[in-house]
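Dear colleague,

I am passing on the structure we spoke about, together with some notes on the contact between its chains. Please read them alongside the model itself.

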Amino acid sequence: MPEELLLEVKALRTYFHTARGKLAAVDGVSFDVKRGEIVGVVGESGCGKSVTAQSVLRLLDEKHDVSYEGEIRFAGSNLLELKQRQMREIRGNEIAMIFQDPLSSLNPVYTIGEQIIEAIMLHQKIRRKEAVRKAIELLRLTGIPSPEQRVWEYPHQLSGGMRQRVMIAIALACEPQLLIADEPTTALDVTIQAQMMELITELNRKLAMSVLLITHDLGVVAETCQRVVVMYLGQVVEMADVASLFARPLHPYTIGLMGAIPRMDSDRTQDLQAIEGSVPSLLNVPSGCRFAPRCAYADEQCRQHMPELKRDAASGTMVRCWHAGTLAEAFEATEAAIATETSEAAERAEEKGGVQHAIYP
Amino acid sequence: MPSIHEQEGGPMPLLEVKGLSKHYSTKRPASFRKSLVKAVDDVSFHIYEGETYGLVGESGCGKSTLGKTLLRLVEPTAGEALYQGEDLNRMPSRQLRASRRQLQMVFQDPYSSLNPRKTIGRTLEEPLIIHGIGSPQERTELAMRMLETVGLQEEHYDRLPHELSGGQRQRIGLARALILEPRLVICDEPVSALDVIIQSQIINLMRKLQRELKLTYLFIAHDIGVIRHISDRIGVMYLGKMVEEARTDDLFAQPLHPYTQVLLSAVPIPDPRVKKERMILQGDIPSPLETVSGCAFHPRCPFAVETCRKLAPAKREVAPGHFAACHLA
Amino acid sequence: PASSEGAAAPVESAAAGTAAGEKLATELKYPLAQTIPTLDPHLSLGGSNSTIAVNIYEGLFAFNSKYEPVPMLAESYELSEDGKVYTFHLRKGVKFHNGKEMKAEDVAASLNRWKNTAPRAKSSFSDREFEVKDDYTIVLSSDVPRNDTLAQLSHVLNFAAIMPKEVVDAAGPDGVTEYIGTGPFKFVDYKTDQYVHVQKFADYQPVDAPADGFSGKKEALVNDLYFTLATDNATRFSSFLAKDFNNVDVSLDNLPQVESDPDVEIIKNLSTDFNLIFNKKAPLFSQLKYRQAVASVLDVDQVLLGIVSTPELYRLNPSYMYKENTKWYSEAGSEAYNQKNPDKAKQLLKEAGYNGEEVTLLTTKDTGTFYNATLMVQAQLEQIGIKTKIDISDYATMLTKRADPNGWDIYVGPFLVPSTPSQLLYLNPTYGFADDAKLAELLEASTSAIGDDAIKAANDALQAYEWEYLAAIKIGDIYNYNAIRKNLVGLTFLSNIPNLANTKLVE
Amino acid sequence: MTAFIVKRVLSLIPILFIMSVIVFLIIYLIPGDPARVMLGDGADEATIQQLRANMGLDQPLILQYGQWMGSALQGDLGDSYFLKKSVSAVIGEHLQPTLSLALLAELIAIAIALPFGIWAAVNRGGWADKALTAYTLLGITIPGFLLSMFLVLLFAVQLKWLPVSGYAPISDGLWNFLKFLILPGVSVGVVMSSVIARIVRSSFLEVMNQGYVKTARSKGLRERSIVYKHILRNALIPILTVIGGTFGTLLAGAAVVESIFNIPGLGQLLVHSVSRRDYTVIQGLVLFIAFTYVLVNLVVDLLYAVVDPRIRLNK
Amino acid sequence: MEKAQPSLHLAKRKRAFGNRRRGLLKRLLASKTASAGSVLIIVVAFISFFAPWISVYGPHEVDIVNRLSPPGTEHWFGTDNLGRDIFSRVMHGTQISAQVGFTVALSVAILGLVVGLYASMYKWLDQLLMRTMDALFAFPAILLAIAIMAALGPSVSNLIICLIIVFIPSVARIVRSAALVAKEQTYVEAMHALGASQTRILWQHIMPSTISPLIVQSSFIFAEAIIVEAALSFLGAGIPAPMASLGNLLADGKMYIYNSWWMTLFPGFALIISVLAMNLFGDGIRDLLDPHVRQGKGKK
Ligand SMILES: Nc1ncnc2c1ncn2[C@@H]1O[C@H](COP(=O)(O)OP(=O)(O)OP(=O)(O)O)[C@@H](O)[C@H]1O
Ligand SMILES: Nc1ncnc2c1ncn2[C@@H]1O[C@H](COP(=O)(O)OP(=O)(O)OP(=O)(O)O)[C@@H](O)[C@H]1O
Ligand SMILES: [Mg+2]
Ligand SMILES: [Mg+2]
Ligand code: NI
């Protein structure tokens, strides 16, 4: 049932109660993940991706720090209404998470093996010896050399990338239905990154594991995701399937995002393209469209009124912009130019292909 | 932009590394045998003033260790690191502390490198206080300006690290390194947690600072696009060793070492329409825990010949300014 | 328990006073409130020591309840006409715990060691030696008559215990290493800081006289006797409540808890006297006027109340002897006792030219009573304008400080009950450095007097002079309460030392 | 590791040496001497001096020290003036009760402190936390003798479940041994537990918000496992230190409780020895306590490295 | 790229700067525990300071006729076995004990912090300092107290010296343990990279992680010092007589606990209040320094 909704986030608001006041880090986010689907989440740093992810698992300190509003439906039940004990059944079992910060997310006083084994034994009824074997296997899968030995090392003895892979291994050990991966490959070199994404997509295919992939690497998004959610300042600004997003981004922020990717063929003497200005403070959000202060196309309407997330008739993309339609056309023009460049680049790569094909028959 | 320093007979390099090694010995469980991790193994290179030296390599190949060893945050096992002709490894600690004003580091792990008890403002002012720069007022002002510079707001001044997002923390790390206006900054993945827009802003900023202040960067990153954009020269590390070193354009035009070739082929392309054939490395993944005879890459190298299995290749200059450690290059 | 009544035959059918049908316990635990510095009876003055020693050892004589010496190991004695030569005839067939028969050589060795080590014995025996005449006869002679000889030999503190010669010869300076006597109980072991275990001595030879005080017939009515150390008052009392002990000293605070218990008898024991000692070498109190000033102001009721908190537990007594000690009790000079006359005191101070010098009161908190008494005295001194300071330290430190003529003025403390004036330490230089020719002379006269009337006269003169000279000021005598379970039969006390021979525990 | 232990044990030698000198000096410094105490109130000066001479106390300090050191080096710590036994035998006798009491009390303390402290930390600000504050407050302020008296009154005198006081060696049977130790164990344990519980709470608060706790939670671990496995071990170092400290303190003897419960332990021995100036015993005891304390701390330090692999001791 | 925003006005920044400082003070006041603690401390200090004026009886004034009288209008807290007014004695006792406890706790905290921190930093110092601490610990308090009192004379300050020596090791060890953990954190490495001196790292970055256990331990030592003082007093090595201290009062009360409970109850109560005040204050400070707690204040 590929169309079955596994996770459905509806108008989620996550508030932090700080000394400076109540602060909505996530402000009305809605999206869904279907069973077996890989959904990418991209967005400006600090826009609330990690908070959204952790809200789904309700990992934030509800006693003191946060409160939620809205609905998070997972396999039919609203997670926000569950008791902590019921939540525990879901965590790891149904939904697993890879954290963004690998060092502080690993317990410094246990070997990585211990931490992986713990996850394995928690969800699979097997004996420890078997679990050890599995842990080593998982490490091997994540491309960590000499896993038999590494498994007994402590987090501080590993490199940044290795720690990240340990996090991945822990999450995969749970064999969840939904994997939330918060920037799982930032510390990995491209070869290992590719290997990791391969691993994840394979599990996705084989076990119909859904993935919510938070990343900054649009390359990874393009290669692995089926749908993409674009966030900006606590809100979803655009949501589309991957092809149409890259082909026809509608929101000016998304357009800016596409333009800022450093390309392999860019002019190195030039500055990279970037959207001017910075994200406004969460304590002081603009009343209208949240992107308006930085948007080149913003007009009075944008500054006064917050646009709703609406379906764009042409592409089926959900977008939060008053000018979605007009902007798309403007983008397509530039896109065409880039497309030719890319295909040229691809051709060039093809020419040097001798080497590559020699390696990979 | 290749700079004049790279030409033969140019001025003295700002940083010259000779035969630097860092070996960790770790205890194996259930046995008293110790094993040696050669995290950095006999690495030599140099960096000129005002240039950006990009460092790429497989995860776990020793890049971070190299960076930390250079600044003597971990004591090297062997070798020297000459900063302006003076060996950092032999410098008395007082002098070393003083030179650290000019040598800064951005840590790979942004959260744990920030003191969880200090507000962001305090963290940013700390280096200024250490080196006795400015009055408290000026320091505050400088810190606030730095916050804006890296795309954060004034409100973040009073926050604590755990109240920030990953990318925000990373920017704090960068801001802390840059606030001293150092001469050499070792950036260990300074932009990995940033979205491309802020990443672009930061990279542009770093380049601007470099132009204005003649900053020198040792830039460790996994994002080939970023590395390519910012670096003047690039070093490729594999298993603790420097396997290739060249000017950026040369490297991209003509990668000599097979590992470099694999690396470049694996770069994901941000276009769902292009389905690229990626090179996936075969063979056993090597480990710095085991000593491999011959070339460290041979177990995975498709071209490996008998010599590769027996003899470790030395780094040699294949083309002008283009070094590689491969028998076949 | 009721079931045992009449069923079992008495363990000790021969025991004196054992009623038919009684079942006697074979084991008795007796609480000891203080640690035992040494088990050597000759060495120590401590009460704990004597409590144990009187069961293991015996002397030539023992006090009866009137503090009169009664022969114990001695069969009889003779005193020469001039009162200078004592001849002691020993009982025959008395066995030591090691099986050896007691002979004159043992007695001479023991007593010569005793007189050389025991502080109390020193003044009266320094010029005399116990000599062996034959196996069962000992002779003691001196240049002057010594009317305190028998009392000294009877006293249970610094006990003139008789032990085998070998033991005496083997003794080091810090005491004997074997505890062998002739008493009704033999020493078994001393578990440091836990208990001393003694056991009925089967070959014990009692004297054939009624038991009175420590004199007369003794019989061990329990097989095993444990002197259990319980230094904490509350613990001792709780153990009594829990029936671990069958007798215990009771503080005023605890009294209500046992008073109403029909199984418990509360008895009052004369426990000690209290005296105020002057340092006669101190700048102020070397002058008689100052001592008189203190004597004038002193309100002993208050001080005694301060010590025991209830009028029930003290009695006024101007004599340095207990009233019970009929031979030596004297009320001479008692006008000076308990004057409560601050005006006179102030006058005396003025005459003496008191100028606000600070008076140091030496005390210790190791036993609460010293301290409370000192505080009360302090309050009274301050009342007449004497500036005071309390120097409080632990007991050992206090002992050392007191031996030093510098640094203290007044010390208030109890004195283990003397039986003759020669044992009054404050009358000689030991305590407070009394240094007065007339006092020494009168003291000498009181011990060398022969005949009851002569003794009484000499003693009255001595005490009258002491109230003039004021080496010390008598404050009074205090009692303590003892709770004794009714099934503990026959326990008596003398000078607050229990006599456990003839004591039985009915189950 | 072995090198570290060896070095640490060797470092004992100078400590013990310096301590022995200091103890000697202190003993010389404080007034009072064993001869006077032994002879008691009213002994005359000559006798005292004679006994002092016989005990060798009239000799110059250096000479006394030399003699003591000489035999100490041969493993002979001298004889007790009062107990007529060798010091090592005396210490040996008093060690078992103290050790038993210390172990039991520490166990009780930990059994109370860990769950209670954790519970309070997890419910920071809640009523569990307030209960802990009240408990620790009472635990630390109620004098040991009061608690002991209360326990005795209730369990020994009223309920008659346990004996009032005393001690039986373990060779008398386990229950005989334990029944004497339970009440003193509890009264010491309660005080210790309030010391430990507070540090448990505060250490827990330090680490409870770390990232790895989130990771553990996201694995679906039960809260118990998270607390006892992940948080506890990270919070353990200060807790271990305090446990080590309290245990060390207990090994030096709990004089008050020992005296109330009549347990012939090192604490009583020390107090008695000090009060009667049993120099050789004091000397031996101080050195012994120093020795055990160094040992306890060595174990604690070794545990640091076991608990937290990042801590390197021998570098 | 040129920075787009106009830089903030200096005035505005200054305001922010001021805000931050005020925030700290405000937080201190806002912390319920800390302010409750401070209030209690002030009350205790106030009462004990004005004790001579509040009570009609002197603390050493004996009145044997009225000994052991229960609390009433005449003697609010009753009298002791010598007829001394318990109220007055408790007030004076609190003053002296709080003074002893506080001085000892504070000095021990400071000294223990220094010793523990430096021991954690240098291996050779560690050996030297911690072995010294072991040695200090091994010295029985009684022996030390008797010796110090004998050598320097009995006085409150000498008692304090003795107690400080007794308690330093426990604090030093706990500080060291926390510092050993903190020292291996990456942010400490980062401070090295910035060129911070050892001293700075020690005091600015490692020290804060030791504060929490330090405060917990010190607030205990406050109570412990008062109680140990009682034990020492009993051996004549405590606060010189006839000064009243809470410890002395409790020890005196022991003899009369069943019938004259007021001799124990009131000093005990005073002790609890003083210790509670210190603990609350300590807890408040601890919470202020905890980054997570700081933030959590917002909810509700
Ligand atoms: N504990 C907290 N208290 C207050 N604010 C917080 C807290 N945690 C996060 N925030 C704020 O919430 C916003 C969203 O944070 P989040 O971590 O979700 O960002 P993100 O999208 O994951 O960014 P990045 O890509 O940089 O990781 C940020 O502005 C951050 O500063
Ligand atoms: N403290 C340590 N003890 C033991 N081994 C260590 C230690 N630190 C690093 N290593 C090992 O050194 C090697 C190099 O690590 P390093 O962190 O330098 O890699 P890196 O190139 O930075 O990798 P990444 O890109 O994943 O961050 C790794 O094998 C790692 O396990
Ligand atoms: Mg994030
Ligand atoms: Mg790294
Ligand atoms: Ni250049």
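Buried area here means the accessible area, with a 1.4 Å probe, that two parts lose on being put together, summed over both. Please keep in mind that this is a predicted model.

On that definition, the area buried between chain B and chain A is about 6600 Å², with carbon and sulfur atoms giving 55% of it. Ile197(B), Arg228(B) and Pro270(B) supply 10% of what chain B buries against chain A, which is more than any other three residues. Counted by residues, 80 of chain B are in contact with 84 of chain A.

As for specific interactions, there are zero salt bridges between the two chains, whereas 13 residue pairs are in polar contact, both partners being at pLDDT 80 or more. On the side of chain B that touches chain A, the elements giving two or more residues are β2 (34-47), α5 (166-178), α6 (196-213), α7 (224-230), α8 (248-253) and α9 (258-265); of these, α6(B) gives the most, with ten residues. The residues of that side divide into 34 nonpolar, 26 polar and 20 charged.

Turning to chain A by itself, I find 14 helices and twelve strands. Its radius of gyration is 21 Å, close to the 21 Å that the globule rule gives for 361 residues, so chain A is as compact as a globular protein of that length. Of its 361 residues, 62% count as buried, and among the contacts in chain A with a separation of 6 or more, 63% are between residues 24 or more positions apart.

With best wishes

Notes. Residues numbered from 1 in each chain as written. Chains lettered and ligands numbered in written order. Predicted model: local features only at pLDDT ≥ 70, side-chain atom pairs only at ≥ 80, totals over all residues. Heavy atoms only, no water. Contact = heavy atoms within 4.5 Å. Salt bridge = Lys/Arg side-chain N within 4 Å of Asp/Glu carboxyl O. Polar contact = N/O pair within 3.5 Å; in protein donor to acceptor, adjacent residues only side chain to side chain. Helix = DSSP H or I, 4+ residues; strand = E, 2+ residues; numbered from the N terminus. Nonpolar A, V, L, I, M, F, W, Y, C, P; charged D, E, K, R; others polar. Rg over C-alpha atoms; globule rule 2.2 N^0.38 Å. Buried < 20%, exposed > 50% of the residue type's maximum accessible area, 1.4 Å probe, protein only.
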